[in-house]
Amino acid sequence: MKKGTFSFFVGPSVFIMLALMTAPLLASIVLGLHYITFRNLDAPVWVGIQNYEEVLGDPEFWDSLEFTLLFIAIAVPARIVLGLLFALLLDQVTRFRGVFVAAALVPFVMTPVVGTLIFRDMFDRGGPYWYWMQQLFDYRLFMNSTTVPLLIIFHSIWTATPFAMIVLFAGLQTLPQESLEAARVDGATWLRQLWHVAIPHLRSLFVFIGLISIMDAYRVFDSVFVLTSQNPIYDSETIMYYNFQVALTFGRLGKANAMSVLTVLGIFVVLIPFLVITYREQTEED
Amino acid sequence: MTRTDNPIARFLIYIALALFTLYNVLPFAWTIMSSIKLPKDANARIPRFVFRPTGENYSELWLNMTPEAFAPFGLALLLIFFILVVIALSAKRIPAPNSAVYLGCIFAGVAVALALPRVVNTAEFYDYLINSVIVTTGTLCVSLSIGALAGYGLARFRHVVSVYILVIALAFRSLPSLALVLPFYYLGQLSGLYDTHILLILCLVATNQPFTIWMLRSFFMEIPREIEEAAMIDGAGRLKSFISVIVPIMWPGIITTGLFTLLLAYNDFLLARILTQINWTLPVGIAQFTGGEDPGHVTLAAAASVSVTLPILVVIIFFQKYLIRGLASGAVKG
């Protein structure tokens with residue numbers, strides 16, 4: 001493809017992105033170097049890297065980072081494992097397949113604000129889950145600093161497992177039939193087919209789901225906002241929630257922008273292997 | 001993979017899938033129940049699964065008039081809807097191009113929906129629905145058309161410039177939405193477009209564009225070059241061969257990407273909140289039901305939740321086959 005044609009194809013998209021997104025990105029970088037609150041919006045004070053020092057020296061930041069990483073460490077593998085499990089089960093059946101998939105889409109497509117509210121109602125006093133737990137296990141659920149983080153993690157598994165399941169199920173439909181046939185002729189059991197044919201084939205999908213999940217988990221906000229009712233006693237702030245508090249509760253806009261820059265950098269560190277693959281793909285001659 | 005023939009194993013598989021289905025839909029099913037309860041049933045200490053259903057919550061949410069007064073108009077609407085569906089389903093027998101019939105039906109439906117508030121006294125929630133539909137459709141059209149062009153260009157132009165564009169797009173995507181609040185708000189005020197659909201559509205397109213071009217690029221990478229080269233040898237230009245050869249075989253990929261764009265645009269809360277004052281979309285409209293102590297509040301919030309979720313659910317379930325086919329064809333190879 002010639003350079004001129006390329007500019008023509010990419011032009012509109014790049015133009016709209018640069019026009020609208022450069023300002024926020026640059027603003028984050030510039031404002032992150034200033035002391036700025038809602039009171040001195042017109043006259044920010046240059047403070048250099050002091051905001052960054054403050055963020056990195058703040059124990060609350062490290063607490064929120066710790067919870068975010070814990071969240072990622074539990075929620076992301078759980079999604080992938082459960083997603084794979086149900087994709088494999090779905091692959092075994094033909095009847096009612098459409099019904100199972102449609103049902104799985106429900107928590108996934110729901111508007112996040114709505115989904116979180118609904119989820120909270122199930123566990124609130126008088127909600128079915130709360131009631132059944134009390135009846136079946138004689139357990140009275142209270143919102144405290146143990147249960148709220150668990151609920152936040154459970155909520156994310158509830159909403160995101162279906163996505164993993166559908167992507168992996170789609171992947172299972174494209175397994176190389178020759179390899180499967182060869183494995184069958186050799187008398188390989190289902191488990192061996194899974195281990196030697198299916199899982200290697202799905203590897204890039206695991207990476208895809210993993211990356212998307214990590215990016216989203218890193219920025220989880222809505223469920224924390226609703227499930228904690230913005231009450232700090234539950235000890236379950238994530239990075240984005242901390243960012244929100246710094247910006248709106250304490251009005252430290254400069255510090256919040258410094259955090260945004262740190263978030264972008266953090267995500268990029270996680271994505272380095274993925275970027276290397278893309279670089280190779282794009283520059284190879286074919 | 002090999003399917004098991006063991007009847008016990010098959011039985012257990014169905015049980016497991018049924019339980020998973022229950023776990024997926026139970027919260028929404030509970031909300032549907034709450035939405036047709038009277039407040040005294042919804043606020044009971046022990047959850048009630050048997051109760052006298054009521055339509056009051058929905059009529060309070062959607063109408064500024066009594067349900068009795070609305071009934072004739074409701075019947076008329078159902079009739080119009082029914083006629084349009086019948087016409088669309090029998091498109092093959094009408095002596096006109098199929099697409100013209102479909103477009104005509106959609107156009108007529110939209111015209112009726114837009115004219116409705118002039119005839120019937122609808123509540124604000126109806127305006128939010130109209131705003132949501134306009135903004136989502138606009139975002140979808142703009143985002144997919146410019147995104148498809150860019151995704152195709154990036155897949156075909158093997159050069160380090162493409163990598164720069166993709167990496168910058170990723171940086172934009174990873175920017176926390178909180179960082180967008182102030183710049184976008186100022187942009188709205190400065191351009192005089194604050195509280196208009198156009199501004200919201202442009203901002204949603206810009207924020208969704210990184211995801212769109214990354215995803216479409218991975219779909220276009222799968223298409224062998226020979227296909228459009230053959231068309232170009234016949235004398236077609238790049239753009240013409242793109243539209244007449246590539247796009248038709250890429251429908252599953254474009255629809256899949258479109259569904260994700262649709263979800264992002266329809267569910268967006270933050271941008272719609274900061275860029276509008278009265279022209280709210282549904283997610284912003286529903287946020288007013290998230291707090292409060294009024295006992296009638298729970299049932300109204302449930303009715304609002306169901307009303308927001310159902311349209312998007314119907315669309316996605318309608319397209320689920322394309323979703324699976326698209327994901328299977330595009331994202332797998334990496």
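In this predicted model, 85 residues of chain A are in contact with 78 residues of chain B. Helix 1 of chain A (residues 3-31) supplies the largest share of the side of chain A that touches chain B, namely 16 residues. Sorted by class, that side of chain A holds 61 nonpolar, 19 polar and five charged residues.

The largest nonpolar core has 149 residues. The members that touch the most other members are A:Ile166, A:Val167 and A:Leu168 from chain A, together with B:Leu200 and B:Cys203 from chain B. Helix 7 of chain A (residues 147-172) gives the most to this core, with 15 residues.

Helix 9 of chain B spans residues 197-220 and bends by about 45 degrees at B:Asn208. Helix 9 of chain B is mostly covered, with 21 of its 24 residues buried.

As for confidence, the predictor assigns the complex an ipTM of 0.82 and a pTM of 0.83. In chain B, 96% of the residues reach a pLDDT of 70 or more. The table gives mean pLDDT values for chain B and for its helices with the highest and lowest confidence.

| Part | Mean pLDDT |
|---|---|
| Chain B | 81 |
| Helix 1 of chain B (residues 7-35), highest in chain B | 89 |
| Helix 16 of chain B (residues 320-330), lowest in chain B | 74 |

Terms used: Residues are numbered from 1 along each chain as its sequence is written. Chains are lettered from A and ligands numbered from 1 in the order in which they are written. This is a predicted model: local features need pLDDT of at least 70, side-chain atom pairs count only at pLDDT 80 or more; totals for chains, interfaces and linings use all residues. The bend at a residue is the angle between axes fitted to the seven residues ending there and the seven starting there. Helices (H or I, at least four residues) and strands (E, at least two) are DSSP runs, numbered from the N terminus. A residue is buried if 20 or more other C-beta atoms lie within 10 Å of its own, exposed if 12 or fewer, and partly exposed in between; C-beta atoms are placed from the backbone. Two residues are in contact if their C-beta atoms, placed from the backbone, lie within 7 Å. Ala, Val, Leu, Ile, Met, Phe, Trp, Tyr, Cys and Pro count as nonpolar, Asp, Glu, Lys and Arg as charged, and the others, Gly among them, as polar. A nonpolar core is a set of buried Ala, Val, Leu, Ile, Met, Phe, Trp, Tyr and Cys residues joined through C-beta atoms within 7 Å. pLDDT is the predictor's confidence in each residue, from 0 to 100.
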